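Visitor: I would like to go through this model with you. Could we take it one topic at a time?
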Amino acid sequence: MEIKKTAIAGTLESSDVQIMLSAGTNGFEFELESDVAKQFGDQIKETISNVLGMYDIKDAKIKVVDKGALDLVIKARAIAAVQRALDIVDAPKWEVL
Amino acid sequence: MKNNVNREIPDEILKEKNYEVYTTDNFGTPLIQKVAPKLRATTGEEKVVDSLEDVVLKTVEDGMTVSFHHHFREGDYVFNKVMRIIIDHGFKNLTLAPSSLTNVMNDIVVEAIEKGVVTNITSSGMRGSLGDAVSHGALKNPVIFRSHGNRARAIETGAIKIDVAFLGVPNSDAMGNANGMDGATAFGSLGYALMDAQYAQTVVLVTDNIKPYPNTPASIKQTQVDYVVKVDAVGNPDKIGSGATRFTKDPKELKIAKTVNEVITHSEYFKDGFSFQTGSGGAALAVTRFLRQSMIDNQIKASFALGGITKPTIDLLEEGLVDKVMDVQDFDKGAAESMHQNKSQQEIDASWYADPANKGAMVDALDVVILSALEIDTKFNVNVMSGSDGVIRGAIGGHQDAATAKLTIISAPLVRGRIATIVPDVTTAVTPGDSIDVLVTEVGIAINPKRKDLLESLSKVPGVPVYTIEELQQMAQEKVGTPKPLEFNDRVVALIEYRDGSLIDVIKEVKD
């Protein structure tokens with residue numbers, strides 16, 4: 001699916017993550033900022049990539065500002081960002097949830 | 001060579017720097033040779049000098065060891081003033097030997113390293129931009145981290161030979177009689193600086209408050225002082241200590257504090273005349289408050305409270321619940337201000353506090369201590385020095401020293417953000433697991449299996465579940481996931497001494 005508009009989900013509070021999605025042309029292009037990037041950077045990207053995959057998104061620019069969020073938080077914020085970016089907030093894709 | 005906490009200490013470091021590896025937390029009763037400083041005799045007429053610059057130029061030479069204390073903490077002006085002069089005059093190859101380094105000192109130390117002014121550092125710790133720079137290999141020689149007791153030992157035995165000590169004081173007379181408890185920038189106990197005053201070859205007091213002679217009580221004495229320099233201000237009173245210490249409202253910290261109190265009160269050490277050390281930090285302060293109530297309820301009084309002192313501890317003293325406060329430093333204004341009013345608030349130097357190489361230190365008589373941890377591993381080894389990214393951001397302080405108490409409790413949450421506090425192996429071993437008795441977390445406690453007596457006495461405390469430390473480590477891992485192992489370069493950027501001067505670990509340059 002195509003990203004229709006740039007969308008953001010999450011805050012900059014500690015233990016949260018802010019994810020911004022915008023249209024891309026070259027696969028997943030990550031920009032990750034996190035104090036735990038060394039230890040969990042790959043896992044954060046993988047979690048978000050999996051969510052995007054469930055919505056059949058192939059290309060996206062993904063800006064992530066992580067404040068030490070646990071995996072389930074990252075997943076929730078990624079889903080919210082995707083639904084907003086695809087403009088399907090009123091009709092969420094239930095099978096993903 | 002691997003040491004007794006399973007840390008690989010490079011052979012070339014052991015050989016080059018003549019180190020032994022850490023083997024035991026039992027110091028034993030070795031014969032100790034102390035050193036004494038050489039001095040220039042004087043009647044003292046010309047001690048007072050107006051220009052700090054003149055004194056620096058008169059006393060400092062390339063290659064010397066200069067020292068400072070950190071009692072002004074984040075409000076310190078003296079360190080920056082002196083280092084500015086030292087850098088601007090292009091001194092080279094100095095060794096910096098402060099009792100510790102606070103954030104306000106970071107920028108100028110980084111500059112001094114970059115310009116080759118400082119080539120060696122020994123300290124209790126470092127943080128921020130300085131810790132980052134050192135972890136990225138800015139300093140040619142590895143930093144040596146020593147606990148407060150170990151610094152005292154190293155100074156007394158000559159391992160640290162201080163050429164010039166620049167000691168900021170909130171008051172002094174023209175001969176150098178000074179204390180830390182009076183004046184606009186009072187910080188209370190001069191505990192760490194007393195070592196420098198006693199053992200440095202040249203002692204320079206820096207003050208903004210010259211008092212009539214003789215100035216008493218004199219913690220630093222005129223017999224030790226070469227120069228007294230008058231400056232406009234030695235520190236910012238608002239940043240020396242935190243103001244009124246706030247009681248934590250964080251439910252996790254409160255739960256931990258309450259459990260710590262349960263552990264203390266259900267141990268055999270909780271009896272009339274016991275002694276304790278709590279330190280600063282949210283949970284520790286809350287412990288003091290819970291402990292107070294338990295002491296009242298059980299009609300138990302403590303013989304002494306030790307270490308870094310805060311207002312809640314002074315309250316216990318004033319209420320008669322604690323007989324003596326043995327005070328090496330004060331963390332807040334309340335504790336600093338009460339010093340000259342309470343004669344039972346005894347100023348102690350770092351040697352008396354925690355040095356293993358003397359004829360008995362206060363920590364040797366300590367029953368209970370509550371300490372914190374950045375990480376603790378399944379062998380109970382504790383890290384208070386490097387962050388989970390491997391970068392230096394902490395201080396040993398009195399951790400290794402106080403951990404020799406009869407009941408050593410580590411209070412720590414399972415995780416902080418996405419970082420597990422309880423890990424399979426700590427990034428840097430600072431205090432050996434042999435010294436640690438109980439770990440208290442928000443879900444329950446773990447008892448060092450070596451303490452079978454505690455396993456017995458603490459196994460049936462209502463509301464305090466006992467786990468193995470492996471179980472707690474698993475719980476933490478389930479929450480945050482398994483981190484990718486950190487990568488380091490081979491180069492050693494810091495040495496962690498144990499309090500006996502042996503090497504308990506090294507810190508390597510981080511790989512980015």
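Predicted model: local features only at pLDDT ≥ 70, side-chain atom pairs only at ≥ 80, totals over all residues.

Visitor: Which residues of α4 in chain B are buried?
Guide: Helix α4 covers residues 106-114 of chain B, and Ile108(B), Val109(B) and Ala112(B) are buried in it.

Visitor: And where do the buried residues fall, seen down the axis of α4(B)?
Guide: They fall within an arc of 100°, so they line one face of the helix. As a general point, an α-helix has 3.6 residues a turn, so residues three or four places apart point the same way.

Visitor: What comes just after α4(B)?
Guide: Gly116(B) is found just after that helix, and takes a positive phi of about 75°.

Visitor: Stepping back, how many helices and strands does chain B have?
Guide: Chain B contains 16 helices and 26 strands. Its radius of gyration is 22 Å, close to the 24 Å given by the globule rule for 512 residues, so chain B is as compact as a globular protein of that length. Along the principal axes, the C-alpha atoms of chain B fill a box of roughly 70 × 55 × 45 Å.

Visitor: What share of chain B counts as buried?
Guide: Of its 512 residues, 56% count as buried. As for contacts in chain B between residues at least 6 apart in sequence, 74% join residues at least 24 apart.

Visitor: What does the domain assignment give for chain B?
Guide: The assignment gives domain 1 (47-97 + 162-240) and domain 2 (251-488). The centres of domain 1 and domain 2 of chain B, taken over C-alpha atoms, are separated by 32 Å. Their contact takes 13 residues from domain 1 of chain B and 15 residues from domain 2 of chain B.

Visitor: What classes of residue are on the domain 1 side of that contact?
Guide: The side of domain 1 of chain B that touches domain 2 of chain B has seven nonpolar, five polar and one charged residues.

Visitor: Now chain A, please. What pattern does it follow along the sequence?
Guide: Chain A has two helices and four strands, and the order along the sequence is β-β-β-α-β-α. The radius of gyration of chain A is 12 Å, close to the 13 Å that the globule rule gives for 97 residues, so chain A is as compact as a globular protein of that length. Of the 97 residues of chain A, 32% count as buried.

Visitor: How many residues of chain A are in contact with chain B?
Guide: In chain A, 12 residues are in contact with 11 residues of chain B. Helix α1 (residues 37-54) of chain A supplies the largest share of the chain A side, five residues. By class, that side has four nonpolar, five polar and three charged residues.

Visitor: One last topic: where does UniProt place the modified residue?
Guide: The unreviewed UniProt entry places "modified residue: O-(phosphoribosyl dephospho-coenzyme A)serine" at Ser14(A). Ser14(A) is in the loop between β1 (7-9) and β2 (17-22) of chain A.

Visitor: Is Ser14(A) buried or exposed, and what does Ser14(A) touch?
Guide: Ser14(A) counts as exposed because it has 11 C-beta neighbours inside 10 Å, the cut-off for exposed being 12 or fewer. Leaving aside residues up to four places away in sequence, Ser14(A) touches Lys67(A), Gly68(A) and Gly417(B).

How values were computed. Residues numbered from 1 in each chain as written. Chains lettered and ligands numbered in written order. UniProt positions renumbered as here; feature names shortened; annotations may be inferred. Buried ≥ 20, exposed ≤ 12 C-beta atoms within 10 Å, placed from the backbone. Contact = placed C-beta atoms within 7 Å. Nonpolar A, V, L, I, M, F, W, Y, C, P; charged D, E, K, R; others polar. Rg over C-alpha atoms; globule rule 2.2 N^0.38 Å. Arc of directions from axis to C-beta. Domains from an automatic or database assignment.
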